[in-house]
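Thanks for coming. Please look at the sequence and the structure first, and then I will go through the main features.

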Amino acid sequence: MKIFILYSSPNIDGLTAACANAAMEGLQAGGAETELINLNKLKVGMCQACDDGWGTCRNEHECQVLDDFQTLHKQAYQADALVLVTPVYWHEMSESAKDFTDRLRRCEALRHEQSRFYQHAILCIAAAGGSGNGLISCLVSMERWVDHMRAKK
């Protein structure tokens, strides 16, 4: 089983990275092949709501904004499962996680059962440091994304 672990923090020695590494170690101990990807090291910009608000993502299921998203989208298709790990920023996912998830949702959600992510396993981890404030609302947002993707929780 191949599992992609995407994490979205610029701090490679912080809590979010530790959570991503712990997920990787646990999955590898269970026999999974893993790949750890730091979204902050890639160029994945925000959705531009191209043309009439959809661009090519609605019908062609590909984003027309050219950056590292296209490669990451194809890589995610090859995975048997995804793990998304984000720090909690202002009760939400980090900006790099939000950019990736927004664009992936636009390309895949309207494919319904034809999407590679339909009934696909996606595990979401929110790393809330300090007071832990915002953890629940961040996880609710992540759960809504998984629902839109029609993936397994």
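**The pocket, then the rest**

I start with the largest pocket, which is lined by Glu60, His61, Glu62, Cys63, Gln70, His73, Lys74, Tyr77, Glu108 and Arg111. A pocket here is found on a 1 Å grid over the protein atoms alone, as an open set of points with protein on both sides within 12 Å along at least five of seven lines, and lining residues have an atom within 4 Å of a point. The volume of the largest pocket is about 180 Å³, where a volume is the space filled by probe spheres set on the points, and grid points are joined across faces, edges and corners. Helix H2 gives the largest share of this lining, four residues. Helices (H or I, at least four residues) and strands (E, at least two) are DSSP runs, numbered from the N terminus.

Before going on, a word on the source. This is a predicted model, in which local features need pLDDT of at least 70 and side-chain atom pairs count only at pLDDT 80 or more, while totals for chains, interfaces and linings use all residues. Residues are numbered from 1 along each chain as its sequence is written, and side-chain values use heavy atoms, with hydrogens and water left out.

How many cavities of 30 Å³ or more does the structure hold? There is one. A cavity is a set of grid points where a 1.4 Å probe fits but cannot get out. The largest cavity has a volume of about 80 Å³. Of the 14 residues lining the largest cavity, Cys47, Cys50, Trp54, Cys57 and Cys63 are the closest to its centre.

Now the sheet. In what order do the four strands of the open sheet come? The order is S2-S1-S3-S4, and the pairing is parallel. Two strands pair if DSSP finds at least two bridges between them. At the edges are strand S2 (33-38) and S4, each of which pairs on one side only. From one strand to the next, the twist averages 15 degrees. Axes are lines fitted to C-alpha atoms, for helices over the stretch in contact, and angles run from 0 to 180 degrees between N-to-C directions.

Going through the pairs, S1 and S2 run parallel and are joined by six bridges, with Tyr7 opposite Asn38 in S2. S1 and S3, also parallel, are joined by five bridges. Along that pair, Phe4 stands opposite Leu82 in S3, and Ile5 stands opposite Val83 in S3. S3 and S4 run parallel with seven bridges, and here Val83 stands opposite Leu123 in S4.

Is S3 mostly covered or mostly uncovered? It is mostly covered, as seven of its seven residues are buried. Buried means under 20% relative accessible area, exposed over 50%, and partly exposed in between (1.4 Å probe, protein chains only). Ala81, Val83, Val85 and Pro87 are buried on one side of S3, and Leu82, Leu84 and Thr86 on the other. S1 is mostly covered as well, with five of its six residues buried.

H2 lies across S1, S2 and S3 and runs at about 140 degrees to S1.

Next, the largest nonpolar core. A nonpolar core is a set of buried Ala, Val, Leu, Ile, Met, Phe, Trp, Tyr and Cys residues joined through side-chain atoms within 4.5 Å. This core has 29 residues, and those touching the most other members are Leu6, Leu82, Leu84, Phe100 and Trp145. Two or more residues each come from strand S1 (2-7), helix H2 (69-78), strand S3 (81-87), helix H3 (95-108), strand S4 (121-127) and helix H4 (135-149). H4 gives the largest share, five residues. In general, nonpolar side chains in soluble globular proteins tend to be buried together.

Thr101 is in helix H3 and is buried, because its relative accessible area is 0%. Leaving out residues up to four places away in sequence, Thr101 touches Leu84, Met93 and Trp145, where contact means heavy atoms within 4.5 Å. Gly31 lies in the loop between H1 and S2. Gly31 counts as exposed because its relative accessible area is 58%. Gly31 and Lys2 are 29 residues apart in sequence, and their C-alpha atoms are 9.5 Å apart in space.
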